[in-house]
Amino acid sequence: MKEEKDYKKNIILLIAGRITSKFGVAFYLVVLPLYILKSSGDLALSGLFFTLSTIPAIVVTPFLGLVVDRLNRKNIIVVCDLLTSFLYFILLLTFGLKDIYPVILLIVTIIVNIISSIFEISSKVLFTELVSADTLENYNGIKSFGDNGAALIGPVLGTIIFGLWGFKIVLVIMVCLYFLSAIQEYFIQYTFSRISHLEKSHWFDDLKGGLHFVWHNKDILNLFILAMTLNFFIGGSEEIMNPGIIIQKYQISETLYGFTSTSLIIGTFIAGLFIFKNKKINLQNYMYHLIFINSILMIGIGVFSFLFYPMKQLYFCTFLILQFFIGFIVTCVNVPLNSYFQIHTPLEYQGRFFALLSFSSNLLIPLGILYSGFLSSAAGPDVTYIVNNVIVSLIILFYFF
């Protein structure tokens, strides 16, 4: 009984720590552009800031997996949160230094982005170690529920607090949030098992070993390629196609457009709870079916855009319903997909594997957004929705046969 209690306590502490950190990321990322724009008044400078602060984290991601595979994962996430708290404290202390503050802010943001990447990879691997294989998908469901909740509430509160009290109070909250997250994670009961051959080998050989593992495991490689394909063709939906159809084509207000994201997130919430409670259906067996259904729904968004034009109310209601089901199905794909990777990737490779997955996603999603932007500009966002998802459907049929 005590072992089961400790088992659940560890999972709760890890999920709570992740939610706190995820909330902090969502909270800060919505405030930072507002502060930079308010301080500089220049959109070009704001864009340059975010480009410079993001690129280093993407470049070093493959190497972060080597650190995760070699070191104690619990210690990594605790140190990550303590260090992040300290970095925000530095921003708080130096807030009055107007001339050099933008440089300090940029350097700290770069470091925070790198730390956030290593935290994400470490917490995924630690989750694999703490949760048994037969309940991994269920607990990944509740983790998804928590992550999506933080991603929804964080930006709303961040915007309100920044508007009422300013950037300094936001920094105070960030210091407290990450310190709280580190305390929660510190109480996780965990014994680290060292992998002796990794400690003796060269980092370059380890990096090649991770790539070799993915390349020579057909099922892992196929799902990896499939995940990257989805990132490329579906990645531009929220940034390009949705606003292109709703705001530009149908002339629906930006305020109402916000409800489309809400509908999507409600779908992800319900899916997270469904997966957590589900004991009978093994979603890993239906991933390809679900991706195919999701593609059909997205094709529907494009087709109905033509059929219902210019009936705003009818299309908007249809769009909200489709967004709800898309959010539900995407979560029902992502959770078992991650669970599959966690179960079938040996622990000694997981850090490098998830680092490679993150690195590839961070490259392909922006490329997909760029591609979708050009195609939407030339043919229209609704045509882009149809074309992209017809391609995804054909790829799924290819995998089936």
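These notebook entries follow the salt bridges I looked up in this predicted model.

**Ground rules.** I number residues from 1 along each chain as its sequence is written, and I use heavy atoms for side-chain values, leaving out hydrogens and water. In this predicted model, local features need pLDDT of at least 70 and side-chain atom pairs count only at pLDDT 80 or more, while totals for chains, interfaces and linings use all residues.

**Entry 1: the count.** I looked for salt bridges (a side-chain nitrogen of Lys or Arg within 4 Å of a carboxyl oxygen of Asp or Glu). I found six salt bridges by this rule.

**Entry 2: Glu 120.** I started with its pairing to Arg 18, where the closest N and O atoms are 3.4 Å apart. Glu 120 sits in helix H4 (residues 101-130) and Arg 18 in helix H1 (residues 2-40), so this pair ties together parts 102 residues apart in sequence. I took helices as DSSP runs (H or I, at least four residues), numbered from the N terminus.

I then checked Glu 120 with Lys 22, and their closest N and O atoms are 3.1 Å apart. This pair also joins helix H4 to helix H1, across 98 residues.

**Entry 3: accessibility.** I called residues buried under 20% relative accessible area, exposed over 50%, and partly exposed in between (1.4 Å probe, protein chains only). Arg 18 is buried at 1%. Glu 120 is partly exposed at 22%, and Lys 22 is partly exposed at 28%.

**Entry 4: the network.** I traced a network of salt bridges that links Arg 18, Lys 22, Glu 120 and Asp 147.

**Entry 5: Arg 73.** I found its salt bridge with Glu 129 at 3.1 Å, N to O. Arg 73 lies in helix H3 (residues 73-93) and Glu 129 in helix H4, so the pair ties together parts 56 residues apart in sequence. Arg 73 is buried at 0%, whereas Glu 129 is partly exposed at 24%.

Methods
Helices (H or I, at least four residues) and strands (E, at least two) are DSSP runs, numbered from the N terminus.
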